[in-house]
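Try each task before reading its solution.

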Amino acid sequence: MHYTGTIWRPPYEAKSLLIEVTAGCTHHKCKFCTLYDDLPFKFRMTSLEDIEADLLESQQQIRTWPGTQVKRIYLVGANPFVLNYEHLKNIAERIHHYYPECDSIGCFSRITDISLKSDKELKELSNLGYDGITIGVETGDDNALAFMDKGYTANDIVEQTHRLDLANMSYNFFYLTGISGAGNGVNGAIESAKIFNQTNPKIIGSSMLTIYPESKLFNEIKNGNWAEESELEKLEEIKTLISLLNIPVYFATLGASNAVWIEGNLPTDKKKMMSHLEKVCLPDNESKLRSYRKNLKHL
Ligand code: SF4
């Protein structure tokens with residue numbers, strides 16, 4: 001299989017067959033991000049020949065496990081949805097050739113990748129099986145988006161996800177707790193709730209900012225341009241976000257960056273989730289939570 005570097009996928013894609021179609025990220029600018037730093041290049045497309053070879057190799061292996069069906073394929077790379085319509089169509093057609101039972105195809109997407117496609121193309125990609133794409137929107141706080149160099153605004157999140165709604169393509173968000181910086185966490189959550197409440201994600205997964213020395217953000221901190229939220233401020237931020245979300249959505253802290261695990265369906269489980277967070281938001285817990293983060297060698 002043509003896997004390059006560390007392969008990242010959302011935890012809820014654990015049962016999906018992973019096929020590499022890109023490696024690295026076209027943007028590669030977000031100040032906090034070190035996810036694809038192990039690659040010797042910024043971004044690379046996988047050739048259709050290599051994709052087809054992986055579909056065939058995986059098919060030959062999987063067909064030796066009686067009764068196994070591949071219902072979902074997750075295309076890996078930081079933002080495969082940046083690929084143009086024709087290329088995504090070719091990939092989907094090959095997937096359906098090798099796995100006729102496959103119901104849906106997911107991948108990571110940037111907000112800006114959606115804007116590169118026409119409404120007609122989005123609709124056709126949806127008809128080809130693209131669904132449940134994961135977007136690391138991070139926040140609805142425009143100041144944080146601009147400072148971190150995310151390359152889009154909060155309003156772009158609303159505008160582009162409405163286009164996915166129109167195309168009948170579902171999507172999930174990743175929120176990055178802590179992205180607004182010290183003293184701004186609660187406000188970042190308020191701004192994010194305002195934006196998210198205008199959208200229809202199925203899942204909001206929340207990861208927590210963990211700063212590594214290789215990141216541009218580390219230098220910003222060293223130069224006195226930015227300060228990290230305390231661990232308790234980060235938890236207050238999640239609590240605020242959950243309290244203000246009024247859309248039906250599954251919300252969960254996902255991945256190793258979270259020392260506190262919380263999950264539930266909103267709005268049904270809101271009270272339970274808030275009360276759990278209140279129990280851990282105690283001043284005594286700051287040092288324990290801090291030590292967890294300091295010892296997190298890898299996300
Ligand atoms: S956070 Fe996502 S979009 Fe930003 S540089 Fe990292 S992989 Fe690329």
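The exercises cover the domains, the sheet and the ligand shell.

This is a predicted model: local features need pLDDT of at least 70, side-chain atom pairs count only at pLDDT 80 or more, and totals for chains, interfaces and linings use all residues. Residues are numbered from 1 along each chain as its sequence is written.

**Exercise 1.** Find the domains and the elements where domain 1 touches domain 2.

Step 1. Domain 1 spans 1-131 and domain 2 spans 133-299; such bounds come from an automatic or database domain assignment.
Step 2. The C-alpha centres of the two domains are 25 Å apart.
Step 3. Count contacts (C-beta atoms, placed from the backbone, within 7 Å). 27 residues of domain 1 touch 32 residues of domain 2.
Step 4. On the domain 1 side, β5 (104-109), α3 (111-115) and α4 (119-127) each give two or more residues. Helices (H or I, at least four residues) and strands (E, at least two) are DSSP runs, numbered from the N terminus. α4 gives the most, with five residues.

**Exercise 2.** Work out the strand order of the open sheet.

Step 1. Strands pair if DSSP finds at least two bridges between them.
Step 2. The order of the eight strands is β1-β4-β5-β6-β7-β8-β9-β10, with mixed pairing.
Step 3. β1 (17-20) and β10 (263-266) are the edges, each pairing on one side only.
Step 4. Look at β8 (203-208) and β9 (249-253): they run parallel over four bridges. There, I203 has Y250 of β9 as its bridge partner.

**Exercise 3.** List the residues around the ligand.

Step 1. The list is C25, H27, H28, K29, C30, C33, L35, Y36, A78, R110 and G136.

Key. Near = placed C-beta within 6 Å. Contact = placed C-beta atoms within 7 Å.
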